[in-house]
Amino acid sequence: MTIEISAVTRAAKGTGASRRLRRDAKVPGIVYGAGKDPVSVEFDAKALFMEFRHEAFHASILTLSLDGKKESVLLRDYQMHPVRNTIQHIDFQRVSATEKIHVKVPLHFINGEIAPGVKIGGGIVAHIATEADVSCLAKDLPEFIEVDLTNLTAESAIHLSELKLPKGVELVAQAGDLAVAAIAAVRG
């Protein structure tokens, strides 16, 4: 899935300028990285929010059309309004085709309802982690990682080391082999 977003450079900087942009249904942002100077940009708030709602927007390489010039970028940070659910500011990092990137990729759990621990044992699937830290080249970045719960029995768990990762993707070292999902037995 290719997501393309449009932006224009902005000259005005600061709190007052950002407030004026938001009042005019624009979102201030910045694009940085890949050995180039940071560029202050502005986005159309509605168009940006429509793309922002998709899970793929948060964990895939995006195409940024900046003043008609296209660049590959990755969402790095954003700030939301606490009440209105609008984007207040957004940061993108340029990505290089030759350098590895470090990203959190969402986990999709499948076959939980047919796992022996649920179907036979009457247990409940507990999702302990919802994302995994991975390192890979931009071209190898997966939209999500699938976690198959088919063989999970009661009182057992699936760990990070058991995940099937796409080619070119590796887990970032963490403290221990963390559990991703488990089936808890129902007390009763």
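Accessible areas here come from the Shrake-Rupley method with a 1.4 Å probe, and for residues only the protein chains shown count as cover. On that basis the chain has about 10,800 Å² of accessible surface, 52% of it belonging to carbon and sulfur atoms.

A quick word on the ground rules: this is a predicted model, where local features need pLDDT of at least 70, side-chain atom pairs count only at pLDDT 80 or more, and totals for chains, interfaces and linings use all residues. Residues are numbered from 1 along each chain as its sequence is written, and side-chain values use heavy atoms, with hydrogens and water left out.

Counting DSSP runs from the N terminus (helices are H or I, at least four residues; strands are E, at least two), you get 4 helices and 13 strands. The C-alpha trace spans about 60 × 40 × 30 Å along its principal axes. Of the contacts (heavy atoms within 4.5 Å) with a separation of 6 or more, 67% link residues 24 or more positions apart.

Now zoom in on strand 10, residues 145-148. Strand 7 (residues 100-110) runs parallel to strand 10, joined by 4 bridges; strands pair if DSSP finds at least two bridges between them. His108 has Glu146 of strand 10 as its bridge partner. The side chains of strand 10 alternate, and buried means under 20% relative accessible area (1.4 Å probe, protein chains only):

| Strand 10 side chains | Face | Burial |
|---|---|---|
| Ile145 and Val147 | one face | buried |

Across the whole chain, buried residues make up 37% of the 188 residues.

Methods:
Buried means under 20% relative accessible area, exposed over 50%, partly exposed in between (1.4 Å probe, protein chains only).
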